[in-house]
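Hello,

Here is the structure I said I would pass on. Please look through it first, then read the notes below it.

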Amino acid sequence: MESPLASVAPNWLKAPTGTERAWIGLALLWCVVLTLAMPYWHFKGKQNSTGEAYTVEPAKFAARVQQFVESNKVGEQNGVPIVEPAPGGDAYMQAQMWTFYPILQLKKGQTYRIHLSSLDLQHGWSVMPINMNFQILPGYDHVLTITPTTAGEFPVICNEFCGIGHHQMTGKIIVTE
Amino acid sequence: MTTMDPTVEDALPETAVEPKGNHAPGMARVCATTGLTVDLTAEKFIKLHAVFAVVFLLLGGIAALLIAMTRWSAVHLLPADWYYRLTTFHGLNMLILWILFMEVAILYFAATALLKTRLASAGLAWAGFVLMAVGAVTLDTMILMGTSDVMMTSYAPLRAHPLFYLSIIFVAVGTLIGVINFFATVYIAKRDKTYSGSVPLVVFGAITAAIIAVVTLGHGAGIMIPTFLWSIEVLPSPDPAVYRLVWWGLGHQSQQVNVAAMVSVWYLLGAITVGAKVLNQGVSRTAFLLYILFINLASAHHLLVDPGVSAGWKIWNTSYAMYLAVLASMIHGYTVPAAVEVALRKQGHDKGLFGWLGAAPWRNPGFSGFFLSLVVFGFLGGITGVTLGTEQINIIAHNTLRIPGHFHTTVVGGTTTAFMALAYYVVPLIFRREFPMRAICRAQPYVFTLGVVILAVGMSFAGSYGVARRHWDVEFTGATHAASFDPSVHIFLGMVGIGGIIAFVGLLMFVIPTVIAVFFGKKIEGKMPAW
């Protein structure tokens, strides 16, 4: 055996033996299992990030959000409209320094397509307390297909740094029975 | 112990015929302790880079303490603007400046001392160093002036001062010049036949780090140059999704440069502290090769909840190839401690299954630092990294404190601890100065590691309750809609604060003796005093 500080004869490539060989075998096997687990769980598991997205100009997205709010508004809280989309329909939430707009009111057990985009910087869409996190980018309409399984109020917080008011950027989702 | 560990001599190259060096007369010295030939030009640049590295480590460390004191919700020290400013400052000083300066020093050492060659070009070394230093000082100035509160990632279209981007480009180009100088040095060593056969394993690891560095810096140029041009309004804003994809080719991959450099330092310190030998050259070298081939895919883990990248892309990049890079770390995580075990058993510490471990030189900070680095990186860093890189788990971890919880065990508990351990040999062997306060040095790796582990565990648990990283206020005071976390997060954020204080004390226990040793330490004439 040579020191790792010493140059070696060129014929250094030799198969591992003994416990070293066993360890590499075990490690490789573990890697193969995890490699297969990734696609398996994508199809078996119920929560995936599919990355479904469409390019959209911020002004056009804002117009869609406004139209969505006007046709589905059911109330108001803290000066922010509460909007209830049709069950199974599209819902919009826009991120802008430093608010999420509007408040979404969803029905438990119904499936929605939630469109997320930003009018200015990158933002993070972090739903509490279930701690689910997705990225919001300006210029991209990020579509999440979700089915709420619990009723209640879910604050949304921004978890991508977006300037000095970042820690005050919150929103809300209400899920009704 | 009053004499040099006998094992160090064991670590020396055992070539039958001593190959000739290629140094000009008077431009090299033979190290009295290790017998390695030290090129005096390279030595000067190793010193320069190492000193600058430690300065940035200290600056980043001061910022770290202040940030930790702010995240500790009961203290909440800094105002919001300074919290974000110093978070930007901390990230860049630690992940870019401390580590890159140290890595160039390691590359110069590995190539010249282990291959017994002169440095290819003093001019290139100066050019690289000056570019890095000017870039680094400008970068820190721009951040502290409050012109660039954009975090280390500077995600477009969040915009910093043009000099912020330009200074990062300077640091990157300076580093690239250092890397080119390293390759040129390896080349002239081969040309002048200053070594025989294949390069030593530690040099092989350094070459691995250098190759990944070239790919990394290519990504850096690919994104920082257009972003700079946007900041001076020559180009339109970079597409935010493209920015993230290419930036992480820089951001994550630069950490793989650290991994390769850190593993090389493990092998190096194993050899000089206990005389560890390479069990199987082919195995260790193949593992390094796996890093080059597959580690870049880990960059994809930053985009697992992004729009615009498909599920197929996410599955592909979280499965097959990424695990081949994990395999590489699993192999080094076996071969390095196994080599230490074999060496210690050979020295007669053969009692039971773990007798060798008890007999290891735990009072030598060069050994304890290296071994703690191995354990913290391998267990905490490896397990959290692989977990967070899972498509579904990333949904509950993205941008929470779990992410810095992970990388403080890899980059701080792993790389930084290993580089500190290396310094306990660099100062006596390259600067030829004796360490003062040796009891403090002996305790330092333990104190620092303890602090980092408490900090990282606190971050990880707080993050698992959803606490965001890079976020000033867990109470969301003044927000339109009230939000809060489970009250238990305050305990975990308290761990962040307390761990931060302990780690900072551990940092000072490193920086103060090192600075005193370098500038005022007793000159070492013959062999270095044993640790």
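**Salt bridges**

A search over all chains of this predicted model finds 17 salt bridges in the whole structure. One of them joins E84(A) and K107(A), whose closest N and O atoms are 2.9 Å apart. E84(A) sits in the loop between β3 (80–83) and β4 (90–96) of chain A, while K107(A) belongs to strand β6 (residues 103–107) of chain A, so the pair ties together parts that are 23 residues apart in sequence. As background, side chains of opposite charge can pair when their charged atoms come close.

**Where chain B meets chain A**

How many residues does each chain bring to the contact? Chain B brings 92 residues and chain A brings 67 residues. The size of an interface is often given as the accessible area lost when the parts come together. For chain B and chain A the buried area is about 6,700 Å², and carbon and sulfur atoms give 65% of that area. On the chain B side, P307(B), I395(B) and H481(B) supply 11% of the area that chain B buries against chain A, more than any other three residues.

Across this interface there are 2 salt bridges. R244(B) and E160(A) meet in a salt bridge through their side chains, at 3.7 Å from N to O.

Several helices of chain B give two or more residues to the side that touches chain A, among them α3 (80–115), α6 (201–231), α7 (240–251) and α15 (438–464). Which element gives the most? That is α11(B), with 10 residues. Sorted by class, the side of chain B that touches chain A has 53 nonpolar, 26 polar and 13 charged residues.

**Two helices packed in chain B**

α3(B) also packs with helix α4 (residues 122–144) of chain B, at an angle of about 170° and with the axes 10 Å apart. Angles over 145 degrees count as roughly antiparallel, and α3(B) and α4(B) are therefore roughly antiparallel to each other. The residues of α3(B) in this contact include W82(B), F89(B), L97(B) and Y108(B). From α4(B) they include F129(B), M132(B), D140(B) and L144(B). By class, the contact of α3(B) with α4(B) has 17 nonpolar, 2 polar and 2 charged residues.

**Backbone points to check**

Most residues other than glycine have a negative phi, and most peptide bonds are trans. Against that background, here are some places to look at in the model.

- The peptide bond from Y101(A) to P102(A) is cis, with omega near -10°. P102(A) is in the loop between β5 (99–101) and β6 of chain A.
- The peptide bond from M128(A) to P129(A) is cis as well, with omega near -5°. P129(A) is in the loop between β8 (123–127) and β9 (132–136) of chain A.
- E233(B), a residue other than glycine, has a positive phi, near 60°. E233(B) is in the loop between α6 and α7 of chain B.

Regards

How values were computed
Residues numbered from 1 in each chain as written. Chains lettered and ligands numbered in written order. Predicted model: local features only at pLDDT ≥ 70, side-chain atom pairs only at ≥ 80, totals over all residues. Heavy atoms only, no water. Contact = heavy atoms within 4.5 Å. Buried area = accessible area lost by both parts, 1.4 Å probe. Salt bridge = Lys/Arg side-chain N within 4 Å of Asp/Glu carboxyl O. Helix = DSSP H or I, 4+ residues; strand = E, 2+ residues; numbered from the N terminus. Nonpolar A, V, L, I, M, F, W, Y, C, P; charged D, E, K, R; others polar. Axes fitted to C-alpha atoms, helices over the stretch in contact; angles between N-to-C directions. Parallel < 35°, antiparallel > 145°, perpendicular 65-115°, else oblique.
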